[in-house]
Amino acid sequence: MDIIYPVLVEQAAAHAIQDGHPTVADKATMFKIMVEDGIIDANGQPTPMAIDKGYVTSTYEHENLSWEEFIDYYPVFKTYDPTYFEKINGFWEIPLTFRQQLICDLDHDRFTGIEKLQLQEYLSERSTYEN
């Protein structure tokens, strides 16, 4: 059984591995530490203190971001042609064919850990359109 941890826990665990701290890379341990330290609540959401102190930046993608702001939010898309994206109802959306390509690339481990997290977050919150 796979346990799905909140995005912030996944990101923190990925950073711990990259920084050479495998003992805190265990996601259950990371979740516990982050709750105890007041960075996230029991539901995995950032606490006001964590946001105020800058430990966590906004985890909500606002409407009507410019392309540059969108790329700042999802840097994984920096290398993709912007014509793959269309702003629909205030959010940058992708066609079904591009979504399928991204999922295939995810399945074949073509991204770093942090890129995977960004894509998973993006894809979980998106609809697609037919091109």
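This is a predicted model: local features need pLDDT of at least 70, side-chain atom pairs count only at pLDDT 80 or more; totals for chains, interfaces and linings use all residues.

Residues are numbered from 1 along each chain as its sequence is written, and side-chain values use heavy atoms, with hydrogens and water left out.

**The whole chain**

Colour by secondary structure: the protein has 6 helices and 3 strands. Helices here are DSSP runs of H or I with at least four residues, strands are runs of E with at least two, and both are numbered from the N terminus. Followed along the sequence, the pattern reads α-α-α-α-β-β-α-α-β. Of the 131 residues, 36% count as buried; buried means under 20% relative accessible area, exposed over 50%, and partly exposed in between, using a 1.4 Å probe and protein chains only.

**Helix α1**

Select residues 7–18, which make up helix α1. Its 12 residues should span 16 Å at 1.5 Å a residue, and the end C-alpha atoms are 17 Å apart, which agrees. That expected span is 1.5 Å times one less than the number of residues. Now show the side chains of the buried residues, including Leu 8, Val 9 and Glu 10. The buried residues of α1 pack against α2 (27–36) and α6 (113–124). After α1 comes Gly 20, with a positive phi near 80°.

**The nonpolar cores**

Next, select Phe 70, Phe 77, Phe 85, Leu 102 and Tyr 122: of the 17 residues in the largest nonpolar core, these touch the most other members. At least two residues of this core come from each of α4 (67–73), β2 (91–95), α5 and α6. Apart from it lies another core of 11 residues, among them Tyr 5, Val 9, Ala 16 and Ala 50. A nonpolar core is a set of buried Ala, Val, Leu, Ile, Met, Phe, Trp, Tyr and Cys residues joined through side-chain atoms within 4.5 Å.

Centre on Phe 70. Leaving aside neighbours within four places in sequence, Phe 70 is in contact (heavy atoms within 4.5 Å) with residues including Glu 61, Trp 92 and Arg 126.

**Salt bridges**

How many salt bridges does a search of the whole structure find? There are 3, each being a side-chain nitrogen of Lys or Arg within 4 Å of a carboxyl oxygen of Asp or Glu.

- Select Glu 36 and Lys 32: their closest N and O atoms are 3.5 Å apart. Both lie in helix α2, 4 residues apart, about one turn of the helix.
- Select Asp 105 and Arg 110, whose side chains meet at 2.8 Å, N to O. Asp 105 is buried at 12% relative accessibility, whereas Arg 110 is exposed at 52%.
- Select Asp 109 and Lys 116, with the closest N and O atoms 2.9 Å apart. Asp 109 is exposed at 56%, and Lys 116 is partly exposed at 24%.

**Last stop: Arg 99**

Finally, select Arg 99 in helix α5 (residues 96–107).
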